[in-house]
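Thank you all for coming. I would like to take a few minutes to walk through one model, starting with a term and then moving from the whole chain to single residues.

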There are 2 protein chains.
Amino acid sequence: MGLFPAALEVLIEKFASLPGIGQKSAQRLAFHLLALPEGEAESFAAAVIGAARDLRLCGVCQNITDADVCLICGNDRRDKGVICVVADPKSVMAIERSREYGGVYHVLHGVLSPMNHIGPDDIKIKELVARVADGEVSEVIMATNPDTEGETTARYISRLLRPFDIKVTRLAYGIPVGSSLEFTDDATLMRALAGRQEM
Amino acid sequence: MGLFPAALEVLIEKFASLPGIGQKSAQRLAFHLLALPEGEAESFAAAVIGAARDLRLCGVCQNITDADVCLICGNDRRDKGVICVVADPKSVMAIERSREYGGVYHVLHGVLSPMNHIGPDDIKIKELVARVADGEVSEVIMATNPDTEGETTARYISRLLRPFDIKVTRLAYGIPVGSSLEFTDDATLMRALAGRQEM
C-alpha cells in the first residue's frame, strides 16, 4: 500500500517475511516495537545481531552453539559411541529434557523432502557418515519425526550406514504415555501392537 | 530451560516478548533467522533500528510518520476543518483505502479502558482538544471501533468537545456491504434498523 512511512513499511515487510507471520501480524508486531519504551527496539535488534554473530554449528554434531564444539560433544561423560540423529536443535532439547540419554547427537538441519527440493546434499548427512567412518561409533539411533519425510530420511541414512559395522536403530513407536486408546490413531495403534513387549 | 547457547536464549526471549508470540513460535522464529543467508539477520535488525530511529508522531494528528508533519496533514488539498478521530494508525490506513475521505485525522493511540488502566491522559485526547480549541475545526467524526471501549471513548470525547461550536458525528452503524442478514448479529441488525434511511 505504501501509505506508511518507508521505515515502517520496511519493518513490516521484514516481520512478514518470517514464517507463520502474515501481513496483519507483521503490522501488529511493528507497531508494538515502535510503542516500546526508549531503547527497547534497539535491544531487540541487538539480540538479533548478537545471535547471528555468536552462534554457529558445532564442528562435531552440527547443533547450534556459541563455541567451536557444543557443550554436549565437549562433555567427557557423554558416550561418543552412540549418536542420536535428529532433524533439528529443538529435537535435541526435547530428548535432553527426558534426561534419559547419555550419548551424543547429530543434527541434520532438515529432512529429505523431494516436494521441497531438499536432497541429501542439503542436510548434514555427509557429516554424519564422516563421523561414523571415523570408527569410534557403535550405534546410531534414528530419531527423526515419525512422519513420512522423517521416515524416508531415517531409511535413507540407515542404508548409507549399512557398510559400517554398527547398529542402526529407530525410536520405538507406540501409544504416548498419558494418552488414551480412544484417541490414538489407527497407524499408531498398529505400530503399538506390532511392537508389543513382554511384561 | 537454558540448554540453548545464551545468544539464542536471548533472541528467543525477545521474540516471545512480542504480542501473540508464544515460546514455541519464538523458537521457530529465532531458528529461522539463524538459518537465513549471511547478512539477512543483520538486515532484519537494521530495519528495527531504522524504524525506531526514523519514526515519530506527527506533530498535528499524532499519526506515525518520518517527518515533523505527516503526508496527510501536510497535504494542501485535505480539508483541515474536518477531523476523523481513530484509535490507531491502522484505522487511518483502512479509511484511506476507501478513498472517500478528504479531511484529516487524529490518532488517539488507544482507547479508554478502565480494565487495562488506560485513562484519558494515556491516549492523545489533550492533543485533540487543543486542535479543536485552535478554532479552525468545523466537524469531528468519531471513528473508534464499534466495541464497548471504542464507544466509551467516542462518548467521552464528544462530551469534552461539547463546549466548542462544532459538529461531532459518529460513523454509521449497519449491515456490512456484501454480508448476509442471516449472519449479522442482533446488535448490528438493531442499529441498522434504527438508522434506516429513505431510498
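What you see is a predicted model, in which local features need pLDDT of at least 70, side-chain atom pairs count only at pLDDT 80 or more, and totals for chains, interfaces and linings use all residues. Residues are numbered from 1 along each chain as its sequence is written, chains are lettered from A and ligands numbered from 1 in the order in which they are written, and side-chain values use heavy atoms, with hydrogens and water left out.

Let us take chain A as a whole. Seven helices and six strands are found in chain A, where helices (H or I, at least four residues) and strands (E, at least two) are DSSP runs numbered from the N terminus. Their order along the sequence is α-α-α-β-β-β-α-β-α-β-α-β-α. The radius of gyration of chain A is 22 Å, whereas a compact globule of 199 residues would have one near 16 Å; the value is taken over C-alpha atoms, and the globule rule is 2.2 Å times the number of residues to the power 0.38. Along the principal axes, the C-alpha atoms of chain A fill a box of roughly 65 × 45 × 35 Å, and 40% of the 199 residues count as buried.

Which residues of helix H1 (residues 6-16) of chain A are buried? They are Ala7(A), Leu8(A), Leu11(A), Ile12(A), Lys14(A) and Phe15(A). These residues lie on the same side of H1(A), because they cover an arc of only 160 degrees around the axis, the arc being that of the directions from the helix axis to the C-beta atoms. Their cover comes from both chains: it includes helices H2 (23-35) and H3 (40-54) of chain A, together with helix H1 (6-16), helix H3 (40-54) and strand E2 (64-65) of chain B.

Leaving aside residues up to four places away in sequence, Arg28(B) touches Pro19(A), Gly20(A) and Lys90(A), where contact means heavy atoms within 4.5 Å.

In helix H4 (residues 89-97) of chain B, the buried residues are Pro89(B), Ser91(B), Val92(B), Met93(B), Ile95(B) and Glu96(B), and what covers them includes H2 of chain A as well as E2, strand E3 (79-86) and strand E4 (103-107) of chain B. After H4(B) comes Arg99(B), with a positive phi near 55 degrees.

Finally, I would draw your attention to two other backbone angles. His109(A), in the loop between strand E4 (103-107) and helix H5 (125-133) of chain A, has a positive phi near 55 degrees although the residue is other than glycine, and His109(A) is partly exposed, with a relative accessible area of 29%.

Conventions: Buried means under 20% relative accessible area, exposed over 50%, partly exposed in between (1.4 Å probe, protein chains only).
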